[in-house]
Amino acid sequence: MTTRAESAFRLTGWHVLAMLSAFFGVMIAVNILFVVLAITTHPGEIAPRAYVQGLKFNDAIAERDASIARGWKMGPALHQTDSGAAVVVKLRDRAGDPVRGADVTASLRRPVASDDDRTLHFVEIAPGDYRADIGPLQHGQWLFEGAAQTAQGRVVADARLMWR
């Protein structure tokens with residue numbers, strides 16, 4: 001028969017308490033680290049007041065439907081310039097004729113970061129053609145959200161533009 005040697009270590013309640021405290025202490029510390037990193041790197045919000053915009057979503061849909069019913073077309077495009085880039089918007093009515101004298105404004109945003117967001121103000125360079133100089137622009141995808149206001153009404157449009 002073999003005899004078992006007794007070990008000098010005995011697991012007591014204090015040992016179990018210390019192990020559980022260490023385990024949960026590490027878990028809480030890692031969670032706090034992840035929360036701090038998440039908050040300081042990117043807020044994760046696309047719109048500054050997303051809740052309020054969500055409440056007004058039906059108004060935005062109605063405005064978009066009115067734009068479609070009006071039959072106007074707003075076509076944005078990015079163009080190379082000496083100073084970097086420019087957005088040119090072609091504004092046409094239902095018949096395809098240029099819409100003159102509109103007040104065109106827009107925003108140009110990056111889908112992944114809000115650091116480069118820009119507000120654009122356009123100048124009419126030809127009948128129905130409006131241009132906003134941007135300057136240097138990073139390569140990649142940009143989100144265009146524009147509006148044109150005339151005495152006949154308002155038209156809104158959005159598009160994804162690629163800059164290379």
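How many bridges join strand β3 to β4? In this predicted model, where residues are numbered from 1 along each chain as its sequence is written, local features need pLDDT of at least 70, side-chain atom pairs count only at pLDDT 80 or more, and totals for chains, interfaces and linings use all residues. Side-chain values use heavy atoms, with hydrogens and water left out.

The answer to the opening question is 4 bridges, which link β3 (residues 103-109) to an antiparallel β4. Strands here are DSSP runs (E, at least two residues) numbered from the N terminus, and two of them pair if DSSP finds at least two bridges between them. Within this pairing, Ser107 stands opposite Thr119 of β4. Both strands belong to an open sheet of 4 strands, ordered β4-β3-β7-β8 with antiparallel pairing. At its edges lie β4 (118-121) and β8 (153-163), each of which pairs on one side only. On average, neighbouring strands of the sheet are turned by 20 degrees against each other, direction ignored; the axes are lines fitted to C-alpha atoms, and angles run from 0 to 180 degrees between N-to-C directions.

Turning to the other end of the strand order, β7 and β8 pair in the antiparallel sense over 11 bridges. A hairpin connects β7 to β8 through 2 residues, and Gly140 has Trp163 in β8 as its bridge partner.

What about the interior? A nonpolar core is a set of buried Ala, Val, Leu, Ile, Met, Phe, Trp, Tyr and Cys residues joined through side-chain atoms within 4.5 Å, where buried means under 20% relative accessible area, exposed over 50%, and partly exposed in between (1.4 Å probe, protein chains only). The largest such core has 25 residues, and Val87, Leu108, Phe122 and Phe144 have the most contacts inside it. At least two core residues come from each of β1 (73-81), β2 (84-92), β3, β6 (129-135), β7 (140-150) and β8. Not counting residues up to four places away in sequence, Val87 touches (heavy atoms within 4.5 Å) several residues, including Leu108, Leu120, Phe122, Ile134 and Phe144.

Rings of Phe, Tyr and Trp (its six-membered ring) pair if their centres lie within 6.5 Å; planes under 30 degrees apart count as stacked, over 60 as edge-to-face and the rest as tilted. The whole structure holds 1 aromatic pair: the ring centres of Phe23 and Phe24 are 5.0 Å apart and their planes stand at 80 degrees, so the pair is edge-to-face. Phe23 is partly exposed, at 47% relative accessible area, and Phe24 is partly exposed at 48%.
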